[in-house]
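Colleague: I have a two-chain model open and would like to learn how to read it feature by feature. Could you walk me through it?

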Amino acid sequence: MERLKAGEPALPTGYIVETQEFRGPLDLLLSLIEKEELDITRIALAQVTDQYLAYLSRMPRRDPAELSAFLWVAARLLWIKSRALLPRLPLAAEEQEEEEAEDLVRRLQEYRRYRQVAAFLEGRLKAGWRAFGRVAPPPLPVSRSVELEGVSLETLLAALECRLAELTPKEEQARPAVVHVTLAEKARLIHERLRLFSEVSFQELLAESSSREEVVVTFWAVLELFKRCWILIEQEELFGPIFIRRRNDTASAWESRTEWWSELEDLA
Amino acid sequence: MKTLLEALLFVAAEPVSVSELAQALEREEGEVVAALEEWAAEQASRGIRLLRLGHRVQLASAPEAAPYIERFLGLHRPARLSAAALETLAIIAYRQPITRSAIEALRGVDCSGTLHTLLNLGLIEERGRAPIPGRPILYGTTFDFLRHFGLQSLEDLPPLNIPETLPEEG
């Protein structure tokens with residue numbers, strides 16, 4: 001603006017180009033033509049050439065690449081205008097030159113359509129007509145995790161796995177001759193304990209086991225007793241200690257149902 | 001068939017292609033397309049619409065529900081797009097896949113910054129490279145573009161009446 005006051009060439013009379021920012025030379029050119037309510041023709045291009053140049057001379061500073069784009073169109077406009085003003089000369093090259101003018105006209109026409117579509121899109125944005133996809137994708141199948149409520153066989157299994165990992169000796173040590181423990185023996189042991197105590201810690205039972213085999217049999221025995229409704233298994237909290245209690249409602253049947261014991265013998 | 005399609009589209013998290021749907025349903029792609037069109041027509045007055053982009057489809061909410069969804073989910077209105085960005089989008093939407101230089105020829109100005117912005121916003125994506133010297137990147141619009149403007153497909157854009165074939169004919 002300072003530069004303008006310092007002494008710019010006078011603007012063409014009758015029309016002052018707005019100082020708005022244009023998106024490019026075509027945008028500017030089209031705006032000028034529309035302001036004059038002209039159709040996009042070669043004649044119209046010639047008519048707005050002065051205004052275009054006037055805008056260019058007082059255009060806010062832009063980067064050189066952008067400026068060159070404006071200048072390129074300016075050169076074309078000047079050429080078109082000169083062709084319109086001068087009497088036609090039967091030059092051989094004329095036809096091709098006219099073609100070039102028509103090319104600019106076509107580009108402007110196409111550009112105008114895209115500018116209209118841009119306005120259409122802006123209208124949709126302003127109306128706020130957005131569409132939304134799903135916010136959260138449907139859950140993917142996850143691996144079955146340890147249940148958090150109550151005690152289940154799965155919880156026991158997971159605990160056993162942890163325990164087994166802890167119990168596995170780092171190195172093979174010299175061991176006494178392998179003693180085989182049967183399912184029935186372990187079941188009877190648990191049975192005996194529960195006659196003496198109201199509850200038995202599952203961890204304790206495992207700790208008494210001297211081999212991996214015994215641990216497995218102990219676990220198996222607990223499961224079998226549970227399945228047969230002879231014992232209750234309780235765990236207060238996740239990963240907390242597990243207690244085995246006798247079921248008072250079935251306890252009396254333990255002794256009398258000898259066939260159950262023989263079943264256990266058979267399982268082993 | 002329509003019922004099954006609806007169920008598949010409901011559980012699909014991403015846009016799915018017609019061929020994927022056909023495979024899952026053990027039907028011909030042509031049948032799937034016909035059923036999709038029928039289903040989409042029935043949904044015209046419902047809250048869920050079918051978005052189409054090329055051979056892919058996806059469910060989306062009805063555009064008129066946008067203000068309520070924004071309130072429901074606590075979303076902000078999207079940021080305004082600059083005039084240059086809208087213009088560039090318009091060109092890509094009609095002429096995709098299109099190279100940067102072709103866009104610049106139409107707009108008459110450099111577009112690299114604008115393209116970068118649109119890519120970051122996910123409104124356009126790269127669509128391979130043009131088989132011409134330099135193998136320039138081709139750009140196309142995305143499902144986000146459709147959603148952003150509440151369009152069901154590119155056919156929702158106003159028709160473009162340009163004698164664009166003229167230069168080739170000469």
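This is a predicted model: local features need pLDDT of at least 70, side-chain atom pairs count only at pLDDT 80 or more; totals for chains, interfaces and linings use all residues.

Colleague: Happy to. How many helices and strands does chain B have?

Modeller: Chain B has nine helices and six strands. Of its 170 residues, 28% count as buried. Among contacts in chain B with a separation of 6 or more, 48% are between residues 24 or more positions apart.

Colleague: Let's take the strands. In what order do the three strands of the open sheet in chain B lie?

Modeller: The general idea comes first: strands of a sheet pair through backbone hydrogen bonds, either parallel or antiparallel. Here the order is β1-β3-β2 in chain B, with antiparallel pairing. β1 (16–17) and β2 of chain B are the edge strands; each has a single partner strand, so one side of each is left without a neighbour in the sheet. Between β1(B) and β3(B) there are two bridges, and Ser17(B) has Arg56(B) as its bridge partner in β3(B).

Colleague: Which strands of chain B pair with β6(B)?

Modeller: Strand β4 (residues 98–99) of chain B is joined by two bridges to β6 (residues 137–141), and the two run antiparallel. Thr99(B) has Leu138(B) as its bridge partner there. Strand β5 (residues 124–129) of chain B also pairs with β6(B) in the antiparallel sense, over four bridges.

Colleague: Now helix packing. At roughly what angle do the axes of α2(B) and α3(B) cross?

Modeller: The axes of α2 (residues 18–25) and α3 (residues 29–42) of chain B come within 9 Å and cross at roughly 105°. Angles of 65 to 115 degrees count as roughly perpendicular, so that is the word for α2(B) and α3(B). On the α2(B) side, the contact involves Val18(B), Ser19(B), Leu21(B), Ala22(B) and Leu25(B), which meet Glu29(B), Val32(B) and Val33(B) in α3(B). By class, this contact has six nonpolar, one polar and one charged residues.

Colleague: How about the two chains? Which element gives the largest share of the side of chain B that touches chain A?

Modeller: Start with the counts: 38 residues of chain B are in contact with 32 residues of chain A. Elements giving two or more residues to the chain B side include β2 (48–53), α4 (66–73) and α6 (100–107). The largest share, seven residues, comes from α5(B). That side divides into 25 nonpolar, five polar and eight charged residues.

Colleague: Last one: which residues have the most contacts inside the largest nonpolar core?

Modeller: In soluble globular proteins, nonpolar side chains tend to be buried together. In this model the largest nonpolar core has 56 residues, and those with the most contacts inside it are Leu29(A), Leu89(B), Ala90(B), Ile91(B) and Ile92(B). α5(B) gives the most to this core, with eight residues. Leaving aside residues up to four places away in sequence, Ile91(B) touches Tyr114(A), Ile98(B), Ile103(B), Leu106(B) and Arg107(B). Apart from that core lies another, of 23 residues, among them Ala159(A), Ala184(A), Leu225(A) and Ile231(A).

Note on methods
Residues are numbered from 1 along each chain as its sequence is written. Chains are lettered from A and ligands numbered from 1 in the order in which they are written. Axes are lines fitted to C-alpha atoms, for helices over the stretch in contact, and angles run from 0 to 180 degrees between N-to-C directions. Angles under 35 degrees count as roughly parallel, over 145 as roughly antiparallel, 65 to 115 as roughly perpendicular and the rest as oblique. Two residues are in contact if their C-beta atoms, placed from the backbone, lie within 7 Å. Ala, Val, Leu, Ile, Met, Phe, Trp, Tyr, Cys and Pro count as nonpolar, Asp, Glu, Lys and Arg as charged, and the others, Gly among them, as polar. Two strands pair if DSSP finds at least two bridges between them. A nonpolar core is a set of buried Ala, Val, Leu, Ile, Met, Phe, Trp, Tyr and Cys residues joined through C-beta atoms within 7 Å. A residue is buried if 20 or more other C-beta atoms lie within 10 Å of its own, exposed if 12 or fewer, and partly exposed in between; C-beta atoms are placed from the backbone.
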